[in-house]
Amino acid sequence: MKLQNSPKIFENYKSDIPENTIKDIEEGFGRLGIKLEYFPGKSITGLDVFSGRCLIKNTPIQSFGKGGYPCFSPSQCLCRNC
């Protein structure tokens, strides 16, 4: 049996830089009247891991994310709220 990529997945796949991903997510939540707040965490000493926390204002809902560069942490946090 030969495995192949699913054309459905890659046909609709797109990626962008983290800053644009963050902007798109914040705009989408903003259209719903939801405000997000990001709090950067500390990097792990000796490792290239950066963490952060995202809070949906006026709610107890929050998410956490991490990335290999500081710019990836906010986009990971926000994507977890989607």
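## Overall architecture

The protein chain contains three helices and three strands. The model described here is predicted. Along the sequence, these elements are arranged in the pattern α-α-β-β-β-α.

Of the 82 residues in the protein chain, 22% are buried. The chain exposes about 6,600 Å², and carbon and sulfur atoms account for 56% of that area. When contacts between residues at least 6 apart in sequence are considered, 27% of them join residues at least 24 apart.

## The nonpolar core

The largest nonpolar core consists of eight residues: I22, I25, F29, L36, C54, I56, C77 and L78. Two or more residues of this core are supplied by each of α2 (18-31), β2 (50-56) and α3 (72-81). Helix α2 provides the largest share, with three residues.

## Contacts of C77

C77 is one of the residues of this core. Leaving aside residues up to four places away in sequence, C77 touches Y38, G52, R53, C54, S63, F64 and G65.

## The loop residue N58

N58 is located in the loop that lies between β2 and β3 (62-67). Although N58 is not a glycine, its phi is positive, at about 65°. In general, most residues other than glycine have a negative phi.

Is N58 buried or exposed? Its relative accessibility is 84%, so N58 counts as exposed; the cut-off for this class is over 50%.

Technical notes. Residues are numbered from 1 along each chain as its sequence is written. This is a predicted model: local features need pLDDT of at least 70, side-chain atom pairs count only at pLDDT 80 or more; totals for chains, interfaces and linings use all residues. Side-chain values use heavy atoms; hydrogens and water are left out. Helices (H or I, at least four residues) and strands (E, at least two) are DSSP runs, numbered from the N terminus. Buried means under 20% relative accessible area, exposed over 50%, partly exposed in between (1.4 Å probe, protein chains only). Contact means heavy atoms within 4.5 Å. Accessible areas come from the Shrake-Rupley method with a 1.4 Å probe; for residues, only the protein chains shown count as cover. A nonpolar core is a set of buried Ala, Val, Leu, Ile, Met, Phe, Trp, Tyr and Cys residues joined through side-chain atoms within 4.5 Å.
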